[in-house]
Every structure is written in C-alpha cells, then in structure tokens.
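The sequence and the model come first.

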Number of protein chains: 2
Amino acid sequence: MSKSVSLEEAAGFLLRHQRILVLAHQKPDGDALGSVLGMRSFLRNLGKQADALFPSPLPERYRSFAGPVLTALSRQEAERNYDLIVLLDCANAERIACGPALDADFLRSRNLLNIDHHVGNNVGAPYNYIDSTASAASEIAVELAQATGKAIPVEAATLWYLGILTDTGSFRFTNTTGKTLRLAADLLDAGADSERVVNAVYFSKPRRQQQFEAELLQSCVKTALDGRYAYASIPPELFAKYDFDMRDGEGLIDLLREIDGTVVAALIYRKNDSYKVSMRSKLREFPVDPIARSLGGGGHDMAAGITLALPDAAAVEAVLLDKVTGLLRPVPEP
Amino acid sequence: MSKSVSLEEAAGFLLRHQRILVLAHQKPDGDALGSVLGMRSFLRNLGKQADALFPSPLPERYRSFAGPVLTALSRQEAERNYDLIVLLDCANAERIACGPALDADFLRSRNLLNIDHHVGNNVGAPYNYIDSTASAASEIAVELAQATGKAIPVEAATLWYLGILTDTGSFRFTNTTGKTLRLAADLLDAGADSERVVNAVYFSKPRRQQQFEAELLQSCVKTALDGRYAYASIPPELFAKYDFDMRDGEGLIDLLREIDGTVVAALIYRKNDSYKVSMRSKLREFPVDPIARSLGGGGHDMAAGITLALPDAAAVEAVLLDKVTGLLRPVPEP
C-alpha cells in the first residue's frame with residue numbers, strides 16, 4: 001500500500017511517533033543534509049528520540065553543521081529502535097541512503113513517511129507527501145513544522161535555511177517562489193544563523209579550488225552556437241594538479257552558466273569508465289531535461305545530468321553539441 | 001528646514017503630487033537604478049507624470065531595464081516641470097546625481113523628499129525618510145508603495161527586485177532580514193521577472209571579464225595572517241589586457257571574500273593619481289569601517305572603501321596590512 005497524505009496528516013505522523021529515524025538520498029547535498037538534520041533537531045526539541053543516518057561521508061563544507069550522525073544501521077536496530085522512518089529529499093527508491101544492511105523493500109515494509117519535492121518521486125512509501133512546487137525538501141520541512149503548531153528551534157531554522165539556500169542557489173534559481181522567500185523569512189525570524197550558512201556555502205572556497213576553477217576558465221571553456229552554448233571538459237590532470245574532487249563540485253557549472261549570452265551550459269568529466277555530464281539552461285523555453293532523457297539521464301528542465309559510456313571526451317562533446325544545436329535552433333529573432 | 005517624516009507621510013507625498021522627478025546617487029548601482037526606475041514605473045502607473053534623471057551612463061548590465069531616461073536637466077526645467085523631487089539611495093548631498101545645472105542647495109530649496117537606507121544620511125532635505133535597517137532603498141520603496149495602498153505594477157516589481165537582489169548580494173549579505181525576504185516575496189507575487197533580473201545580475205558576465213577574473217585569481221592574490229586576510233592589487237596591464245573597467249567591477253571583491261578562512265578581504269587598484277581600496281569583512285566582530293575611516297574613507301562595518309594618494313601599490317598594501325593586523329589580532333581561541 002502506498003498513499004498520498006496531506007501536510008496535516010504528515011505533521012500528525014511526526015507528533016504521534018516517539019522514536020524516529022530520518023534518512024535522505026545518497027551523496028547528500030545541502031538540502032538533503034539540511035532537511036534531515038533540521039528535522040532531527042526539530043523532533044528532539046519536541047522531546048522525541050530522533051536520529052539521522054548518513055552512510056557516506058558528508059561534504060567537507062557542511063560537516064560542522066551535522067554533529068554526530070549514525071553511519072550504519074542493521075535491520076535489527078532499525079526494527080527495534082524506531083517506530084517511524086522519515087525520508088526526505090529522495091526521489092528514487094534506489095538512491096535512499098540507508099547503508100548495505102537495509103534496502104528499499106525493507107524500508108517500505110516499515111512505517112515510512114516519504115517527504116519530497118522532486119517531480120516523479122518513485123519511492124512508493126506507505127505514506128507520501130510530495131510537493132513538486134517546493135524549492136527544496138527543507139522548504140516542505142518548514143511547512144510541516146509549522147503545521148504541527150510547534151516552535152522551530154534555532155538549530156533547525158539554521159539547517160533548513162541551509163537547505164533552501166543551497167537548492168535555490170541563494171534564491172537565484174527559478175524554483176524560488178514567494179512562498180519560498182516567506183518561509184525563509186520565518187526561519188530568520190526563528191533565529192536561523194544565515195551568516196554562518198552563507199559563509200559556509202559561498203565564502204568558504206578552498207584556495208586550491210579557486211585556482212582549479214580559474215585554470216578551468218582560462219584553459220578549458222569552449223563556446224558554440226554564437227556563444228549560446230558554453231561547455232568544458234575537465235582534464236584529469238587538472239583534478240590532480242589542484243587535488244580537486246567533484247564531490248566539492250556543487251556549483252561548478254554555474255561558472256559556465258554565468259557567461260553572458262549563454263543559454264545552455266555543460267560540464268563534462270571522466271568518472272571510472274564513463275563520462276559524467278551536468279547540464280544547465282538559463283531560459284525555460286530551452287529545457288535540458290529532454291536532452292538528458294534522450295541520452296539515458298534525467299533531471300529538471302533547468303538542470304539535468306547524464307552518464308555516457310563513450311571512448312573519450314571529444315566523443316561526448318560531439319554528441320552533446322549535436323543535441324544542443326537541435327535545441328537552440330532556430331535562433332529567435334531579436 | 002529639514003525634518004523626518006513617517007512612512008505614511010512619505011506615501012502621502014507621492015499620492016498628492018502629480019509631476020515628479022526621481023533622482024539617485026552618482027554612478028548608479030543596481031539599487032540606485034532599481035529604486036529610481038521602479039518608482040518612476042509605480043508613479044506613472046498611478047497616472048502621474050514621472051521622470052528619472054541619470055546624468056552619467058548606466059552600467060551595461062542594467063541598461064535594458066531602464067528605457068529612456070533624462071540625462072540632463074536645467075534649473076528652469078526642474079522648476080517648471082516638477083512639483084515634487086524624490087531622491088532615493090543617496091547618503092550624501094554632494095553625491096546627488098543631478099547634473100551640473102542643479103546642485104544640492106537648489107534641490108533643498110524645492111519640494112524634496114529624501115528616501116534612504118544609509119546610516120548617517122546628510123542630505124538634509126526638507127523631508128526625510130531614512131530607515132537604516134532596510135537592506136536597500138528598493139526595500140523602502142516597496143514599503144512606501146504598499147503604504148499608498150496602490151498596486152505595484154509588474155515593471156516596478158521587477159526593478160525593485162533588482163535593487164534588493166543587488167544590494168543584498170542575492171540575500172547573502174547580513175543586511176538581509178525577515179522583512180527583506182517578505183517584501184521580495186510580495187514582489188514575486190506582483191509578477192517580478194526574477195529570472196530576467198538574476199540572468200542580468202549573475203549570469204551575464206562577459207567572457208573577457210571572466211578571463212580577467214581568472215587571471216587575477218591565478219596571479220595576484222596574496223594572503224596573510226594565517227589566511228585570515230586576502231588581498232590583491234590589480235596591475236594596470238591586466239585591465240588593458242582584457243579591456244576591463246572597474247565600472248563593471250561590482251562584486252569583484254567577493255572573489256577574495258569567498259576564499260575559505262578569509263575574514264577580511266581588500267582589493268586595490270590605481271585610479272588617476274591615487275589608489276582605490278575596497279574592503280570587506282565576513283564577521284561582524286571584525287568591522288572594516290574603522291580602518292576605512294582611519295584612512296579617510298568610510299562605509300559599513302562589513303563593506304568599506306578608501307582612496308589613498310600613495311606612490312605605489314606596495315605602499316598601499318603595507319599600510320593596509322598593518323591596519324588589518326591590528327584588527328585581527330589576537331587570534332581567538334578555536
């Protein structure tokens with residue numbers, strides 16, 4: 001059985017249960033981390049036992065926000081210790097960050113509440129609250145907390161602010177709505193430490209990362225279609241030279257998107273035996289999601305990703321250029 | 001006579017007058033431009049005759065938002081054509097952008113309403129509404145419009161969103177409050193084209209500017225005091241190489257501020273026979289305004305500027321390093 005619940009019903013779940021495990025998607029980004037840890041803080045503040053599970057290491061820049069988290073959990077412990085499992089910000093059953101001992105089928109056999117903002121969420125939990133108009137899972141978490149009628153503690157406010165800020169690119173992406181800004185305002189009023197969040201997200205770039213980016217921009221950027229398409233393949237030597245890892249690459253593609261006249265941007269890098277591609281669009285009328293889907297990837301209209309098993313970066317560039325040419329032509333009249 | 005008026009009184013001024021001239025400070029930034037042009041749109045939508053005067057050219061990236069503006073105005077025309085002059089975002093009488101034919105004394109002899117958010121506004125207009133807790137003049141403009149009870153047209157919403165976004169660094173600076181975010185939400189609800197604003201402000205960087213920045217970061221950044229101070233002197237050759245002008249340098253210093261561990265950042269460049277210095281702080285407990293004031297400059301705690309008539313950049317760097325060393329010592333215990 002898998003059913004949709006209302007916001008109020010979901011809030012009722014949180015209030016009724018006492019021992020709660022909170023989960024997100026694998027390779028947590030700012031919103032996964034913020035929504036889960038903010039929920040943990042909110043629930044603990046209500047006197048509940050609440051734990052967060054993150055089987056893989058958290059990104060360096062967010063680590064100071066996390067405090068101690070569970071890094072592994074057996075089935076027995078999950079069965080014995082928790083009467084509710086809350087999953088946040090995870091669109092796909094196979095991407096639930098639950099560690100090798102648990103799996104989606106097991107989780108779905110439990111009291112599982114699935115809270116998400118992604119279109120096409122396929123977790124199929126017993127209870128689902130999906131709002132694809134929300135900018136971030138953290139935005140929904142704030143609404144949920146408000147629906148309980150309980151106060152939002154300062155720590156949860158800070159963590160949810162982190163989640164909203166990172167998923168909206170500091171309120172610059174088109175997912176930012178009036179509601180997003182009002183809920184963020186409520187978090188500031190609740191004492192969210194926005195200065196700490198902003199410094200961690202935007203003003204904590206390691207010097208070597210900055211130099212990596214500078215060299216990437218100097219040496220690797222190509223443009224096509226009258227500058228409307230900008231792309232870059234990152235050579236493996238560049239990663240090595242600056243000891244840079246794509247785990248810290250959130251936002252890297254924005255460096256291509258920020259170029260004047262660019263409509264579509266793509267960033268290409270080798271991972272294991274394949275090439276990973278990130279794509280962005282700056283205009284709603286030229287969505288990159290169809291390109292990604294046609295190549296076995298997916299995402300949103302404005303942001304999508306693909307993995308391609310091609311022999312070299314040049315082959316990837318050629319495939320993408322062909323697709324982007326189809327998307328951007330004919331050039332609209334000025 | 002110079003007196004403070006309430007928000008409601010200021011709103012009443014707008015409603016009562018019919019022929020209104022709107023002014024800002026010289027070298028208009030996003031907020032000066034947005035607040036003035038948004039006000040023009042708002043007033044025209046009420047059926048009034050409203051004009052904006054910008055004697056100096058507008059920054060390239062904002063020009064498409066402006067439409068036709070007055071670039072010069074004689075005293076006679078100002079006397080004859082307008083029964084109210086509204087000044088927005090201008091802290092100092094000598095910085096009013098009114099062209100050579102007008103001056104502050106003349107303007108103060110008129111029906112002048114001075115709307116601003118800077119601490120220490122010294123315009124001394126007949127009527128003043130100064131709110132230094134507002135993030136931007138555009139934020140006050142929204143409140144003013146709401147106080148009139150009249151609807152905000154889409155164009156004004158877009159322009160005021162531009163003003164708030166640029167003065168808050170996309171809601172990242174510490175001047176962002178719950179009120180800021182709520183008023184911005186009201187603008188989105190009124191139809192503000194945030195996508196256009198964001199693309200103009202953050203995603204319209206000329207490629208040569210990006211390369212200028214990349215080379216600056218590769219070649220010119222120095223750090224001191226265990227990385228807590230980052231600074232760069234821009235060599236004149238670099239400006240020439242990329243045909244870059246500091247008129248487009250809004251935000252350049254954020255590249256230094258974004259480096260991990262930096263508390264204070266300074267950017268130094270030659271202008272005419274002097275050196276201009278921009279300074280930023282990332283932490284409220286280390287304000288840069290006192291340093292700027294001690295060297296004849298000024299600004300806010302987190303952002304200040306100085307002009308120094310010293311023989312070379314090395315001399316400027318030495319003076320600043322000495323001051324910043326005094327500010328940042330002793331190093332607090334971790």
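## A salt bridge between chains

Glu258(A) is buried, at 13% relative accessibility, where buried means under 20% relative accessible area, exposed over 50%, and partly exposed in between (1.4 Å probe, protein chains only). The side chain of Glu258(A) forms a salt bridge with that of Lys205(B), at 3.2 Å from N to O. This pair crosses between chains: Glu258(A) sits in the loop between α11 (254-257) and β9 (264-271) of chain A, and Lys205(B) in the loop between α8 (194-202) and α9 (207-219) of chain B. Lys205(B) also counts as buried, with 16% relative accessibility. A salt bridge here is a side-chain nitrogen of Lys or Arg within 4 Å of a carboxyl oxygen of Asp or Glu. Helices (H or I, at least four residues) and strands (E, at least two) are DSSP runs, numbered from the N terminus.

The model is predicted: local features need pLDDT of at least 70 and side-chain atom pairs count only at pLDDT 80 or more, while totals for chains, interfaces and linings use all residues. Residues are numbered from 1 along each chain as its sequence is written, chains are lettered from A and ligands numbered from 1 in the order in which they are written, and side-chain values use heavy atoms, with hydrogens and water left out.

## Other salt bridges

Over all chains, the count is 30 salt bridges. One of them joins the side chains of Asp105(A) and Arg108(A), with an N to O distance of 2.9 Å. These two residues are about one helical turn from each other, because they are three residues apart in helix α4 (residues 104-108) of chain A. Asp105(A) is exposed, at 56% relative accessible area, whereas Arg108(A) is partly exposed at 28%.

In chain B, the side chains of Glu60(B) and Arg63(B) meet in a salt bridge of 3.4 Å, N to O. Glu60(B) is exposed at 55% relative accessibility, and Arg63(B) is partly exposed with a relative accessible area of 43%. In chain A, Asp131(A), Glu143(A) and Lys179(A) belong to one network, joined by salt bridges that share partners.

## Helix packing in chain A

Two packed helices are described by the angle between their axes and the distance between the axes. Axes are lines fitted to C-alpha atoms, for helices over the stretch in contact, and angles run from 0 to 180 degrees between N-to-C directions. In chain A, the axes of helix α2 (residues 30-45) and helix α6 (residues 154-167) come within 8 Å and cross at roughly 160°. The two are therefore roughly antiparallel; angles under 35 degrees count as roughly parallel, over 145 as roughly antiparallel, 65 to 115 as roughly perpendicular and the rest as oblique. The crossing of α2(A) past α6(A) is left-handed, meaning that the near helix is turned anticlockwise from the far one by less than a right angle (right-handed if clockwise). Residues of α2(A) in this contact include Leu33(A), Leu37(A) and Phe42(A), and those of α6(A) include Leu159(A), Trp160(A) and Leu162(A), where contact means heavy atoms within 4.5 Å. By class, the contact has eight nonpolar, seven polar and three charged residues. Ala, Val, Leu, Ile, Met, Phe, Trp, Tyr, Cys and Pro count as nonpolar, Asp, Glu, Lys and Arg as charged, and the others, Gly among them, as polar.

Helix α5 (residues 137-148) and helix α7 (residues 178-189) of chain A pack at about 60°, with axes 10 Å apart. This crossing is also left-handed. Glu139(A), Val142(A), Glu143(A) and Gln146(A) of α5(A) meet Lys179(A), Thr180(A), Leu183(A), Asp186(A) and Leu187(A) of α7(A). The contact residues comprise three nonpolar, two polar and four charged.

## Helix packing in chain B

Helix α1 (residues 7-16) and helix α5 (residues 137-148) of chain B have axes that come within 8 Å and cross at roughly 75°. α1(B) is thus roughly perpendicular to α5(B). Leu7(B), Ala10(B), Ala11(B), Leu14(B) and Leu15(B) of α1(B) contact Glu143(B), Leu144(B), Ala147(B) and Thr148(B) of α5(B).

Ser204(A) is in the loop between α8 (194-202) and α9 (207-219) of chain A and is partly exposed at 24% relative accessibility. Beyond its neighbours within four places in sequence, Ser204(A) contacts Asn199(A), Glu258(B), Ile259(B) and Asp260(B).

Tyr231(A), in strand β8 (residues 229-234) of chain A, is buried at 8% relative accessibility. Not counting residues up to four places away in sequence, Tyr231(A) touches residues including Cys220(A), Leu256(A) and Glu317(A).
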